[in-house]
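Here is my note for you, point by point. Keep the model open beside it and look up each residue as it comes along.

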Amino acid sequence: MKLVSYTFEGTARVGVLDGADIIPLGDARLTVQSGADALMAAAREDARRVPLDEATLLPASPHPSKIFCVGLNYREHVEETKRDLPSYPVLFPKFASNLISADSPIQLPPESEQVDWEGELAVIIGRTGRRIAQKDAFEHILGFAVANDVTVRDYQYKTHQWLQGKAWDGSTPLGPWIVTPDEVDLDTAGIRTILNDEVVQESQLSRLIFDIPRLVSEVSQFTVLEPGDVILTGTPGGVGYRRDPKVFLTDGDVVRVQIDGVGEIISEVVNETIVAGSPTRVA
């Protein structure tokens, strides 16, 4: 099952993807108060189906209370950064304001000349849990989505903390939908990032150093996980910052992140337009 968060005629909803259409699930939304059980129990309103190309996509989880990101979770990425293999997941946060839909442009902030890509699998939580055992992790997972942990490298490395380079507003595509776990083979699925026509990252989800049950268990030890929360599971080797010479995103680039059985996000890269005196971001 593919669950799509979208707006149509000014109303935000969640629906099930059926071919080229979205079938609304009543008035359901993915929120902290309404998780997997409510979505699965919601009535499918077939008579109100919406063509996918007429809907406006939202981030796969539009309003997460928490977003956790995992760094250095593929061996080849650890090796290219010349770091030691971690014995505990490297974690850092993002915020709901960082997320954009899968078809929104990646905007290049004027403050940076080092905007980089990081294709990742996202885990979307469906049921509340604290101190979740690894064997029970999938009972708390609604599904998976594709993400690009777009990173502002010159800000990331201003200090030994990564927050300022990772939590840029309107920077992180998440979508295009949530695929329920029964439709994804985590043992065989590949992940790849394509910059224009070049494959710049390629690996297998089975190569995660810390697998999904371990990540859910570790995060839930120190905080409650709630419906809609997101865990980005890390990126493979091949990021632009670690290339020789370094490669960064530029206006006009197109970045694709593909995960077998989950989906694809396609992002045009554009220069951000700043409106004087306003916090509004304009593509």
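1. Helix 5 (212-222) is mostly covered, with eight of its eleven residues buried. Buried means under 20% relative accessible area, exposed means over 50%, and partly exposed lies in between, with a 1.4 Å probe and protein chains only. The buried ones are I212, P213, L215, V216, S217, E218, V219 and S220. Helices (H or I, at least four residues) and strands (E, at least two) are DSSP runs, numbered from the N terminus.

2. Before you go on, please note that this is a predicted model, where local features need pLDDT of at least 70 and side-chain atom pairs count only at pLDDT 80 or more, while totals for chains, interfaces and linings use all residues. Residues are numbered from 1 along each chain as its sequence is written, and side-chain values use heavy atoms, with hydrogens and water left out.

3. What covers the buried residues of helix 5? The cover includes strand 6, strand 7, strand 11, strand 12 and strand 17 (230-232), where contact means heavy atoms within 4.5 Å. At the start of helix 5, look for D211: one of its side-chain oxygens comes within 3.0 Å of the backbone nitrogen of R214.

4. The largest nonpolar core has 38 residues, and F144 and I212 have the most contacts inside it. Such a core is a set of buried Ala, Val, Leu, Ile, Met, Phe, Trp, Tyr and Cys residues joined through side-chain atoms within 4.5 Å. At least two residues each come from several elements, including strand 1 (2-8), strand 12 (141-148) and strand 18 (254-259). Helix 5 gives the most, with four residues.

5. Leaving out residues up to four places away in sequence, I212 touches L121, V123, F138, I141, F144, L186 and T233. Apart from this core lies another one, of 26 residues, among them V16, L39, L72 and L142.

6. Next, the aromatic rings. Rings of Phe, Tyr and Trp (its six-membered ring) pair if their centres lie within 6.5 Å; planes under 30 degrees apart count as stacked, over 60 as edge-to-face and the rest as tilted. By this rule there are six aromatic pairs. F92 and W162 are edge-to-face because their ring centres are 5.6 Å apart and their planes stand at 65°. This pair links distant parts of the chain, 70 residues apart: F92 sits in strand 7 (residues 90-94), and W162 in the loop between helix 3 (153-156) and helix 4 (163-166). Both F92 and W162 are buried.

7. Y155 and W168 are also edge-to-face, since their centres lie 4.9 Å apart with the planes at 85°. Is Y155 buried or partly exposed? At 21% relative accessibility, Y155 counts as partly exposed, whereas W168, at 17%, counts as buried.

8. Two lysines deserve a look too. K158 lies over the face of Y155, 4.7 Å from the ring centre, and K246 lies over the face of Y241 at 4.9 Å. A charge sits over a ring if NZ of Lys or CZ of Arg is within 6 Å of the ring centre and within 35 degrees of the ring normal. Y241 also belongs to one aromatic cluster with Y157 and F248.

9. Finally, please find I191 in strand 15 (residues 190-195). I191 is buried, with a relative accessible area of 1%. Not counting residues up to four places away in sequence, I191 touches several residues, including Y74, L121, L205, P236 and I259.

Notes. A polar contact is a pair of N or O atoms within 3.5 Å; within protein, one must be able to donate a hydrogen and the other to accept it, and residues adjacent in sequence count only if both atoms are side-chain atoms.
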